[in-house]
Amino acid sequence: MHQHTPEGEPAASCAEPTDGAHGRRFVRYPVGLPCEFSSDHYSGKGKLIDLSTGGCKVEGTSRLTVGEYLSMVLQTLAPGHPLAVHLAVVRWASGNAFGVEFIRMEPAQQARFRLLVDYIEKDCAVLAKPGAGAALKRSPDGL
């Protein structure tokens, strides 16, 4: 069951995060946050479909190839405070969707990213309930 945020975008249920049972090292949480990415050949915008401490799934405006290196800007729950991923690599691609492994972030960005993932993890059950959009608006500053 999907709830809707105030902007009308579906907010994915957090009831069943994807985990190691699917061969992944990190638990992934559905998020639906905007992002931008660029490589030597492409630049585009997309939406983070799910997020983990090791990477993310993106639905984007460009078709990327496996092994391609990217830089990314991830929008967070606090507007105006994006996170920069200096180096990421595309691990899989299918149409305009692709999976990315994060390789390098500046220490301050990495600390903020960890706070974001912790916040999403702790409040995942809240986001799956009616009124989830209100929970997104009450996020701590800097996430």
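Me: Let me start with Asp50. Is Asp50 buried or exposed?

Reply: First, remember that this is a predicted model. Now take the relative accessible area and compare it with the cut-off: under 20% means buried. Asp50 has 11% relative accessibility, so Asp50 counts as buried.

Me: Where is Asp50 found?

Reply: Look for the strand that covers its number. Asp50 is found in strand E4, residues 43-51.

Me: Which side chain makes a polar contact with the side chain of Asp50?

Reply: Look for a pair of N or O atoms. Here the partner is the side chain of Arg28, at 2.9 Å.

Me: Now Ser71. Why is Ser71 called partly exposed?

Reply: Use the cut-offs again. Buried is under 20%, exposed is over 50%, and partly exposed lies in between. Ser71 has a relative accessible area of 29%, so Ser71 is partly exposed.

Me: Which strand holds Ser71, and what does Ser71 touch?

Reply: Ser71 is found in strand E6, residues 69-74. Set aside residues up to four places away in sequence. Ser71 then touches Glu36, Phe37, Ser38, Val85 and His86. Look at Glu36: it is 35 residues apart from Ser71 along the chain, yet their C-alpha atoms are separated by 8.5 Å.

Me: How do E6 and E7 pair?

Reply: For any pair of strands, check the direction and count the bridges. E6 and E7 (residues 83-94) pair in the antiparallel sense, over five bridges. As an example, Leu70 stands opposite Ala88 in E7.

Me: What does E7 form with E8?

Reply: Check what links them. E7 and E8 form a hairpin, with two residues between them. In the turn, Gly95 has a positive phi of about 65°. The two strands pair in the antiparallel sense over seven bridges, and E8 covers residues 97-104.

Me: How many bridges join E5 to E8?

Reply: Count them as before. Five bridges join E5 (residues 55-60) to E8, and these strands run antiparallel.

How values were computed
Residues numbered from 1 in each chain as written. Predicted model: local features only at pLDDT ≥ 70, side-chain atom pairs only at ≥ 80, totals over all residues. Heavy atoms only, no water. Helix = DSSP H or I, 4+ residues; strand = E, 2+ residues; numbered from the N terminus. Buried < 20%, exposed > 50% of the residue type's maximum accessible area, 1.4 Å probe, protein only. Contact = heavy atoms within 4.5 Å. Pairing = 2+ DSSP bridges. Polar contact = N/O pair within 3.5 Å; in protein donor to acceptor, adjacent residues only side chain to side chain.
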